[in-house]
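Hello,

Here is the structure I promised to pass on to you. Please open it alongside this note, and I will walk you through what turned up.

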Amino acid sequence: MDAYHCNVVVVGGGIAGLWTANRLIRKGCSVVVLESNALGGGQTLASQGILHGGVKYGIDGANRDIALRLRELPPRWLACLEDRGEVALGKVRVLAREQHLWSRDRFLGGFASAMARKAMQGDVEEVPKHNWPEVFQKNPPSGSLYVVKELVLDTLSAVTALAKPLEGNLVAGTIERFVRGESGLESLEVALVDGTPVRLQGDAFVFAAGAGNESACQALGFGPAATQRRPLRMVLARGLGFPLYGHCVTASPKPRATITSNPLSQDWVWYLGGEIAEKGALLDPLETLERTKKEMERMLPAVPWDSVEWACHYVDRAEPRDSSGQLPPEPHVLAHGNTLIAWPAKLVYAPLLADKLLASPILSSLPPAASQPSDFSALPQARIGRLPWDLPLSWSRL
Ligand SMILES: Cc1cc2nc3c(=O)[nH]c(=O)nc-3n(C[C@H](O)[C@H](O)[C@H](O)COP(=O)(O)OP(=O)(O)OC[C@H]3O[C@@H](n4cnc5c(N)ncnc54)[C@H](O)[C@@H]3O)c2cc1C
């Protein structure tokens, strides 16, 4: 079996692995990213691409820690999007710079006062009625309409931009065996996509494999108790011909629906998450679609929902275990000898996760003086994944 060596073997090519690998090469480390499926093809390309600044999590005050943590992140992303930050995202497409926030329930006193407070802090702005988009003009929401100034990114262009500096070092294969030594992990025995077995050796190993971190935790002795999954059945709607970005809130602390939109060649696809997707994970696809249609008719009555084609996409959020079973308040890293297991918990947290990883004793001491990495470019390279609406889904009218 041929052996290949570099400073850091990163397992998983989602936002976490790619962002961290970019930071490591900028620091002068040699890096290989091992991807078992397709770059971004786990949660990253399935995400809604919202760079949360905390408004969604601060609506009722219940997630105050998350809301505060999130406030520091959008400026760091903005610097990267303007090519003056820690990774180069100048070519990434920004789909929207703001989202609407509205309610259809009459008795949301707490929500209204939270919004008024946030408006004073400059996080949200109330939209004067004469400026309401057409979709809100007919059958207007009860109460006010707000805009939240949070960016929505095209995740495919983000994955593509992060993959670019790593070209030649993005290897496609699956782990067959974890080879452990006295000081931690010695190597990974990997079956490349063409079937060739190779050994990947590193001074350090970073597992940023999303749901794949579960098997790393098992193999390294952390056990299943270190991880949790929270499934979503996202809903896709196409045929409306225009985009919408926003959150419809009810008396619940979570938005009932969070809507983002992505361009198709002649149309837009609306991607619906939030509580409807969490509840949908407990239902079958048809039931999810029927309920979502009913909900959307109530939330946005001006939209011609009968003309829409619908589909579902089931995806697990893979996270470090939180005692509440809910979204952990920040990114998380487990360390074991020369091995780190990492979860961002949110796409927007990727910069913070990379800070945590690079500050760890094992990565902060790299690279050692004269270390000559192997050439990985002759090995089969991982391809970039597809967005949910470009996958073979079953579309139907209701
Ligand atoms: C539907 C949905 C919507 C979301 N919306 C948002 C949002 O709007 N804003 C936000 O901030 N966050 C959002 N999130 C959360 C965010 O998407 C995730 O926190 C983030 O993408 C996780 O990134 P990751 O790199 O850790 O994992 P992933 O993107 O899952 O990447 C892990 C990668 O590792 C690979 N892999 C797995 N096992 C192995 C193995 N054994 N060997 C090699 N490779 C392996 C996988 O194929 C995958 O490519 C959303 C999540 C979901 C599911």
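Which of the 38 residues around the ligand come nearest? They are G12, G14, G42, G210 and G212. Before going further, please keep in mind that this is a predicted model.

**Around the ligand**

Two or more residues of the shell come from each of helix 1, strand 2 (31-35), strand 8 (170-181), strand 11 (227-238) and strand 15 (309-320). Helix 1 is the biggest contributor, giving 3 residues.

The domain assignment gives domain 1 as 2-44 + 159-227 + 322-384, and domain 2 as 86-149 + 229-318. Their C-alpha centres are 34 Å apart. Where they meet, 12 residues of domain 1 are in contact with 11 residues of domain 2. On the domain 1 side, helix 1 and helix 7 (155-163) each supply at least two of the touching residues. The domain 1 side that touches domain 2 is made up of 6 nonpolar, 5 polar and 1 charged residue.

**Two helices worth a look**

In helix 3 (residues 64-71), the buried residues are I66, A67, R69 and L70. They sit on the same side of helix 3 because they cover an arc of only 165° around the axis. As a reminder, an α-helix has 3.6 residues a turn, so residues three or four places apart point the same way.

Helix 11 (residues 350-358) has A350, P351, L352, L353, A354 and L357 buried. These buried residues pack against several partners: helix 1 (15-26), helix 4 (73-81) and helix 12 (361-364), together with strand 10 (197-207), strand 16 (332-336) and strand 17 (339-343).

Finally, have a look at S103, which lies in strand 4 (residues 99-103). Is S103 buried or exposed? S103 is buried, because 24 other C-beta atoms lie within 10 Å, and 20 or more is the cut-off for being buried. S103 and V249 are 146 residues apart along the chain, yet their C-alpha atoms are separated by 5.0 Å.

Best wishes

Note on methods
Residues are numbered from 1 along each chain as its sequence is written. This is a predicted model: local features need pLDDT of at least 70, side-chain atom pairs count only at pLDDT 80 or more; totals for chains, interfaces and linings use all residues. A residue is buried if 20 or more other C-beta atoms lie within 10 Å of its own, exposed if 12 or fewer, and partly exposed in between; C-beta atoms are placed from the backbone. Helices (H or I, at least four residues) and strands (E, at least two) are DSSP runs, numbered from the N terminus. The arc is that of the directions from the helix axis to the C-beta atoms. Two residues are in contact if their C-beta atoms, placed from the backbone, lie within 7 Å. A residue is near a molecule or strand if its C-beta atom, placed from the backbone, lies within 6 Å of it. Domain bounds come from an automatic or database domain assignment. Ala, Val, Leu, Ile, Met, Phe, Trp, Tyr, Cys and Pro count as nonpolar, Asp, Glu, Lys and Arg as charged, and the others, Gly among them, as polar.
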